[in-house]
Amino acid sequence: MTPHLTPLTDPTVGPDARRLVWLASDADGNPVGSAFMRLADRDGQRHLAELSLQVHPAERRHGVGTRLLDAAVTAAKDDGRRSLVAPADDASPADLFLAARGFRRVLNMTYARLPLADADVSALERTVLAAHPGYRLISWEGTVPDHLAATFTASRRAMDDMPMDDTDYGKVEWTVDRVRAAAAAVERRGELLDTVAAIDASDGSVVGFTELVVPGDGTGDGQHYGTGVLPEHRGHGLARWMKAESILRARGRHPGLSGLLTDTADSNTHMRAVNDGLGYAPTHRTYQYQLDLQRGH
């Protein structure tokens with residue numbers, strides 16, 4: 001079977017990225033697969049394209065995935081992209097497919113979940129109440145308060161050295177406007193953004209943060225977005241402190257919430273140890289594959 005590809009228009013175009021979409025169909029017009037490619041349009045990542053490719057299980061090994069991939073690779077090259085990345089679950093068809101088509105595995109990720117009903121509340125409270133001389137915690141919902149906006153934005157560089165192994169991810173430059181836009185995007189989706197931050201008591205500046213996104217109805221699972229501490233403030237247990245407070249806030253503010261999800265690079269041994277110590281249990285592993293487009297396909 002030679003699938004027919006139909007490029008589609010994605011109406012969602014934001015300031016940071018745009019998407020190209022292809023639908024694969026058989027001779028009778030039945031959908032058999034799709035591909036979504038995100039083209040980053042922000043400074044520091046204009047070299048990057050991110051691919052999500054799906055083929056109906058009954059149509060695999062008939063050239064559908066290869067046709068969709070070829071279209072995406074051509075479009076990424078035409079747009080001047082340097083790297084195309086795609087995720088794959090461990091031992092999944094995508095894992096085998098990408099490896100066989102010139103992609104190399106560049107990042108291993110472990111996903112974990114904390115069932116809130118099983119959380120050790122007493123241990124979490126002890127962690128939160130433990131003294132951290134020179135620091136205090138603060139929290140907010142939604143957009144960062146104006147008086148913290150500048151130092152919270154500056155604290156985002158805590159993520160610059162987050163282990164990404166060989167992924168050609170680039171470096172994101174954050175501004176106050178970009179921080180506020182990210183919070184507004186969560187709100188537009190009908191979700192709730194909750195942030196806990198560590199404050200340097202000497203000057204009131206934000207030196208670390210952890211973000212949690214909760215479904216708008218307060219049920220199901222929440223998703224941790226990022227946890228970071230500025231390099232010059234590491235070694236004081238701030239990441240564990242902030243994350244313990246975030247868990248307690250989630251339990252108290254959203255009693256219908258079932259659990260909290262997180263994902264961490266296998267090479268990020270410190271954060272994995274923090275998660276393990278707080279009770280998060282691994283659920284599955286995924287890999288990030290990358291195709292270096294300047295080398296051809």
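Helices (at least four residues) and strands (at least two) are DSSP runs, and their numbers count from the N terminus. Keep that in mind for labels such as β5 and α2, between which you'll find the loop that holds Ala 91. One more thing before we start: this is a predicted model.

**View 1. Ala 91 sits in a loop and has a positive phi.** This loop runs between β5 (83–89) and α2 (93–99). Ala 91 isn't a glycine, yet its phi is positive, at about 60 degrees. Why point that out? Because most residues other than glycine have a negative phi. Is Ala 91 buried or exposed? Its relative accessible area is 63%, so Ala 91 is exposed, given that exposed means over 50%.

**View 2. Arg 61 is another non-glycine residue whose phi is positive.** Look for Arg 61 in the loop that links β4 (48–55) to α1 (64–78). The phi of Arg 61 is near 70 degrees. Arg 61 is exposed, because its relative accessibility comes to 85%.

**View 3. Gln 45 is a buried loop residue.** Gln 45 belongs to the loop between β3 (31–40) and β4 (48–55). With a relative accessible area of 1%, Gln 45 counts as buried, since the cut-off for buried is under 20%. Which residues does Gln 45 touch, leaving aside neighbours within four places in sequence? They are Ala 40, Arg 81, Tyr 169 and Val 172. There's also a polar contact of 2.8 Å between the side chains of Gln 45 and Arg 42. For a sense of scale, pick out Ser 258: Gln 45 and Ser 258 are 35 Å apart, C-alpha to C-alpha, and 213 residues apart in sequence.

**View 4. Thr 153 is a buried residue in a helix.** The helix in question is α4, made up of residues 146–155. Thr 153 has a relative accessible area of 9%, so Thr 153 is buried. Setting aside residues up to four places away in sequence, Thr 153 touches Trp 174, Thr 175, Val 176 and Val 179.

**View 5. Helix α3 packs against helix α6.** Two packed helices are described by the angle between their axes and the distance between the axes. For α3 (residues 121–129) and α6, the angle is about 130 degrees and the axes are 9 Å apart. These two helices are therefore oblique to each other, and their crossing is left-handed. On the α3 side, the residues to look for are Val 121, Leu 124, Glu 125, Thr 127 and Val 128. Their partners in α6 are Arg 240, Trp 241, Ala 244, Glu 245, Ile 247, Leu 248 and Arg 251. Sorted by class, this contact has seven nonpolar, four charged and one polar.

**View 6. Helix α6 also meets helix α7.** Here α6 covers residues 238–253 and α7 covers residues 269–278. Their axes come within 10 Å and cross at roughly 40 degrees, so α6 and α7 are oblique to each other. What is the hand of this crossing? The crossing of α6 and α7 is right-handed. From α6, the contact takes in Ala 239, Arg 240, Lys 243, Ala 244 and Ile 247. From α7 come His 270, Met 271, Val 274, Asn 275, Gly 277 and Leu 278. The residues of this contact split into six nonpolar, three polar and two charged.

Technical notes: Residues are numbered from 1 along each chain as its sequence is written. This is a predicted model: local features need pLDDT of at least 70, side-chain atom pairs count only at pLDDT 80 or more; totals for chains, interfaces and linings use all residues. Side-chain values use heavy atoms; hydrogens and water are left out. Axes are lines fitted to C-alpha atoms, for helices over the stretch in contact, and angles run from 0 to 180 degrees between N-to-C directions. Angles under 35 degrees count as roughly parallel, over 145 as roughly antiparallel, 65 to 115 as roughly perpendicular and the rest as oblique. A crossing is left-handed if the near helix is turned anticlockwise from the far one by less than a right angle, and right-handed if clockwise. Contact means heavy atoms within 4.5 Å. Ala, Val, Leu, Ile, Met, Phe, Trp, Tyr, Cys and Pro count as nonpolar, Asp, Glu, Lys and Arg as charged, and the others, Gly among them, as polar. Buried means under 20% relative accessible area, exposed over 50%, partly exposed in between (1.4 Å probe, protein chains only). A polar contact is a pair of N or O atoms within 3.5 Å; within protein, one must be able to donate a hydrogen and the other to accept it, and residues adjacent in sequence count only if both atoms are side-chain atoms.
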